[in-house]
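Please open the structure in the viewer and follow each stop in turn.

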Amino acid sequence: MASPVWHPYAHLLTQTAAPKVIGGEGPRFTLEGGETLLDATCSWWCMIHGYGHPRLVAAIKEQADSLCHVMLGGLTHEPADRLARELVRVTPPGLEHVFFSDSGSVGMEVAMKMAVQYHYLQGKPEKYRMLSLMKAYHGDTSGCMAVCDPEEGMHSLFSGFLPRHHFAPTPSAAHDAAPNEVEADLAALRAVLEQHHGEIAALLMEPLLQAAGGLNMTSPHYLAGARALCDEFDVLLVFDEIATGFGRTGKLFAADHADVTPDIMVLSKGLTGGYLGHAATLATDRVHAAFIGDTPLHAFMHGPTFMGNPLACRVALESLAVFEEENYLEKIDGLNRVLREELLEDASLRQHPQVSDARVLGATAVIEVADTGALKGVADFARKQGVWLRPFGRWLYTMPAYITPQEDMARIARVMKAWFK
């Protein structure tokens, strides 16, 4: 009997039976029947410590013995209080207030509502639209779909249902671009703000790495310039660090590359090391202070049932402790060196007629092709060599667990290259 599970992003007519995972350890998971695969995507970029990490598993079990869940409405508990304090400690200076939710998409919805209500309480109710970037991806809920790329994104069929927001061009300057090379990108952003800032509440941005929109890697100088423009035009700056947070770009947060503090920052995925769903939306004193008042409209009317779940908070605390105590940034730097050597220094790959580009940032690498047909069959090809790769569109990528040994990182990169040879 076929499973009644409705799988995500699946074409129901042509999908094949999904392999059944029965366990995992380190950077590998095991399928029913005993097949073991090296996970090149760490389960949509969240299992940064790999599978079956003993400290994270123990943290969940220990917390389950005392408190699995309680509402955060009118109550609190030690794991939530501790995690909020730790997030304030490690995020860019000035992010002092933490609103928990249960997924990255919901965390972004919180950020957008927060930005609109902030301006309303400041006496500017006309500032209720968002400004996003082309090639952006911020989630699959309705509010998030409306700020994803409206042309090449995956939600175009919902265009009539979604509210309309503003979009600026995707930054074109590379990660290592000089300041003068970013000027054109910032001029394009300024042009949109000059025309529409009167109705824009916030600029939403995946800093340095636009993940599901094509793994575009952009310059820290763009972040700094965007910060200055938002200040000039009274627009809040929101960093979506769901994918980039907790080391993915080579620093703890992408914002750290530019020494920039956004007004609002959203975290998820690596927050719990992938062991439970959880998210956090952080805000500055400036944003938080606007909500302090004596009218009913000063209350922030949002409250996910599972926000601040004690199990999720406890494993997030352990995840952060492991990250810091075991110097994960050094591990990420090692993975980065392997990826650069294997993918950027291989002239034959970059000269292949089907390859448009190869790029690396932190523990992320992508080979971009000109046509999606060039990647048809690559997942099966990789599986036969013991590697789990799941490309999307024109992008064959890896975002591995940080505990992946360097020899396994090289193996993943070589399987990616082998597809083109």
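The model on display is predicted. Begin at the boundary between domain 1 and domain 2, where the buried area is about 1,600 Å². Carbon and sulfur atoms give 65% of that area. Within domain 1, select Leu-215, Met-217 and Arg-248: these residues supply 44% of the area that domain 1 buries against domain 2, more than any other three residues.

**The two domains**

Next, colour the chain by domain. Domain 1 covers residues 58-324, and domain 2 covers residues 327-419. Their C-alpha centres lie 27 Å apart. Domain 1 brings 20 residues to the contact, while domain 2 brings 17 residues.

**Polar links across the interface**

Keep both domains in view and consider which links cross the interface. The rule finds 0 salt bridges between domain 1 and domain 2. It does find 10 residue pairs in polar contact across this interface, with both residues at pLDDT 80 or more. On the side of domain 1 that touches domain 2, select β9 (216-217) and α9 (310-325), each of which supplies at least two residues. The element that gives the most to this side is α9, with 3 residues. Sorted by class, this side of domain 1 has 10 nonpolar, 7 polar and 3 charged residues.

**A salt bridge at α9**

Now widen the view to the whole structure, in which a search finds 26 salt bridges. One of them joins Arg-89 and Glu-324, whose closest N and O atoms are 2.8 Å apart. Arg-89 belongs to helix α3 (residues 78-90) and Glu-324 to helix α9, so this pair ties together parts that are 235 residues apart in sequence. As a general point, side chains of opposite charge can pair when their charged atoms come close.

**Annotated positions**

Then select Trp-44, Tyr-137, Lys-269, Gly-303 and Arg-390, where an unreviewed UniProt entry places the feature "binding site". These positions span 347 residues in sequence and their farthest two C-alpha atoms are 34.0 Å apart, so they do not all gather at one spot.

Where does Lys-269 lie? Lys-269 is found in the loop between β11 (264-267) and β12 (279-284).

**Tyr-137 and its surroundings**

For the last stop, centre the view on Tyr-137, which sits in the loop between β5 (129-133) and α5 (142-145). With which side chain does the side chain of Tyr-137 make a polar contact? The partner is the side chain of Asp-140, at 2.8 Å. Leaving aside residues up to four places away in sequence, Tyr-137 touches Tyr-9, Cys-148, Met-154, His-155, Glu-206, Ala-212, Gly-213 and Asp-240.

Conventions
Residues numbered from 1 in each chain as written. Predicted model: local features only at pLDDT ≥ 70, side-chain atom pairs only at ≥ 80, totals over all residues. Heavy atoms only, no water. Domains from an automatic or database assignment. Contact = heavy atoms within 4.5 Å. Buried area = accessible area lost by both parts, 1.4 Å probe. Salt bridge = Lys/Arg side-chain N within 4 Å of Asp/Glu carboxyl O. Polar contact = N/O pair within 3.5 Å; in protein donor to acceptor, adjacent residues only side chain to side chain. Helix = DSSP H or I, 4+ residues; strand = E, 2+ residues; numbered from the N terminus. Nonpolar A, V, L, I, M, F, W, Y, C, P; charged D, E, K, R; others polar. UniProt positions renumbered as here; feature names shortened; annotations may be inferred.
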